[in-house]
Amino acid sequence: MRKTATKRGGMIPTQSGPRDLPSDAAPASAESVIPGAGPAIRPGERPTVRLRDAGPDDQPRYAPEWLELREGPDAAARSGELLDPLRIRLANMPGKAGIVVHDLGCGTGSMGRWLAPRLDGPQHWILHDRDPYLLHFAAVASPRSAADGSRVTVETRRGDVGLLTPDALAGASLVTASALLDVLSREEIETLAAACTGAGCPALLTLSVAGRVELTPSDPLDTEIAEAFNAHQRRSGMLGPDAITVACEAFSDRGATVRLHPSAWRLGPADAALTAQWLRGWVGAAVEQRPDLRERADRYLQDRLAACRAGELQVVVHHSDLLALSRPTGGES
Ligand SMILES: C[S@@+](CC[C@H](N)C(=O)[O-])C[C@H]1O[C@@H](n2cnc3c(N)ncnc32)[C@H](O)[C@@H]1O
């Protein structure tokens with residue numbers, strides 16, 4: 001877990017999943033912490049999601065509790081504006097009795113629960129993740145009906161989406177992903193874009209971190225924490241806030257038409273549990289990147305969590321949604 005978290009930038013609450021704080025920098029009450037998703041207990045242990053014992057070479061794990069916590073705000077943030085051009089594209093695919101959707105890095109399947117009921121017609125969803133535990137949750141809680149009541153079916157595929165090939169997308173009508181791009185490397189995003197454009201398949205890639213947050217009321221330390229967090233996200237080749245730009249270029253360079261739309265989390269008193277987890281991860285990653293911030297960041301986190309509990313904190317975490325309409329292949333319009 002430790003190594004992977006470094007390689008992938010670990011789990012940041014915003015785009016990837018929560019990171020922990022080192023034990024001596026984790027002042028939040030234990031009962032408010034999602035087991036396996038929030039601050040780790042042991043010094044130096046990476047956060048994310050230690051669901052059960054894992055070796056140093058294991059990939060980071062995302063706690064289903066964390067994914068559940070963010071599902072509502074994710075749904076509220078997703079850009080409905082990109083759906084009409086997507087619907088038009090899907091409707092123009094000839095000779096289809098239904099659509100086949102590949103959801104990459106599906107986690108517990110929140111993208112399908114949001115999107116399937118917004119699209120008409122029979123749908124078959126192929127849910128990809130490297131974590132079999134999350135795939136199980138995704139399959140169990142998969143959507144059953146399309147917007148027009150048509151049947152929705154699912155299957156799961158375990159694997160690394162950074163190695164996707166056009167062959168793996170043969171017959172695909174749509175590729176989706178949510179909160180995934182920023183934990184990929186440039187090479188992995190290029191591979192993903194090549195697979196989608198090679199298969200002539202549109203891609204709806206949502207909730208990629210934009211690297212900007214706004215906290216109200218503001219604090220002098222906000223900017224420093226944000227910059228350290230962004231630097232942390234870029235560690236070990238992961239793109240973090242640069243992912244969306246790289247993805248736009250990767251799809252455009254391969255002839256796709258790309259549209260972007262903002263999809264910010266707007267967190268207020270009703271989202272206190274998510275905000276608190278996000279804060280711990282955000283500040284924790286910043287301290288990991290800049291240990292010299294620790295003392296000030298500890299105080300900052302305590303103050304922010306207290307404001308959050310009192311319903312006096314508002315947070316905007318900026319994200320972007322991307323729709324890439326690849327040139328159709330194989331006779332599709
Ligand atoms: C932040 S979670 C998002 C989950 C889900 N899409 C959502 O929006 O709730 C990222 C997911 O991507 C998966 N993931 C990350 N990198 C991956 C890779 N290279 N191959 C397959 N799955 C990956 C993780 O296991 C996790 O389920």
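I began with helix α7 (residues 222–233) and helix α10 (residues 294–309), which pack at an angle of about 110 degrees with their axes 11 Å apart. For these values, axes are lines fitted to C-alpha atoms, for helices over the stretch in contact, and angles run from 0 to 180 degrees between N-to-C directions. I noted that α7 and α10 are therefore roughly perpendicular to each other, given that angles of 65 to 115 degrees count as roughly perpendicular, under 35 as roughly parallel, over 145 as roughly antiparallel and the rest as oblique. In the contact (heavy atoms within 4.5 Å), Asp222, Glu224 and Ile225 of α7 meet Arg296, Ala297, Tyr300 and Arg304 of α10. By class, this contact of α7 with α10 has three nonpolar, no polar and four charged residues, where Ala, Val, Leu, Ile, Met, Phe, Trp, Tyr, Cys and Pro count as nonpolar, Asp, Glu, Lys and Arg as charged, and the others, Gly among them, as polar.

Before going further I wrote down that this is a predicted model, in which local features need pLDDT of at least 70 and side-chain atom pairs count only at pLDDT 80 or more, while totals for chains, interfaces and linings use all residues. Residues are numbered from 1 along each chain as its sequence is written, and side-chain values use heavy atoms, with hydrogens and water left out.

Next I looked up the whole chain, and found 10 helices and eight strands in the protein chain; helices (H or I, at least four residues) and strands (E, at least two) are DSSP runs, numbered from the N terminus. Buried residues make up 56% of the 333 residues in the protein chain, buried being under 20% relative accessible area, exposed over 50% and partly exposed in between (1.4 Å probe, protein chains only).

I then turned to helix α2 (residues 64–77), which packs with α9 at an angle of about 120 degrees, the axes being 9 Å apart. That angle makes α2 oblique to α9. Trp66, Leu69, Arg70 and Pro73 in α2 meet Ala273, Leu274, Gln277 and Trp278 in α9, and the residues of this contact of α2 with α9 divide into six nonpolar, one polar and one charged.

Which residues touch the most other members of the largest nonpolar core? Of its 66 residues, they are Leu181, Ile189, Trp278 and Trp282, a nonpolar core being a set of buried Ala, Val, Leu, Ile, Met, Phe, Trp, Tyr and Cys residues joined through side-chain atoms within 4.5 Å. Helix α9 (residues 272–289) gives this core its largest share, nine residues. I also found a second, separate core of 23 residues, which includes Leu83, Leu86, Trp114 and Leu204.

Finally I checked two single residues. Valine 161, in the loop between β3 (152–158) and β4 (174–178), is buried, with a relative accessible area of 11%. Leaving aside neighbours within four places in sequence, valine 161 is in contact with Leu104, Gly105, His128 and Leu180. Leucine 90, in helix α3 (residues 83–91), counts as buried at 11% relative accessibility. Leucine 90 and leucine 174 are 84 residues apart in sequence and 8.1 Å apart in space, C-alpha to C-alpha.
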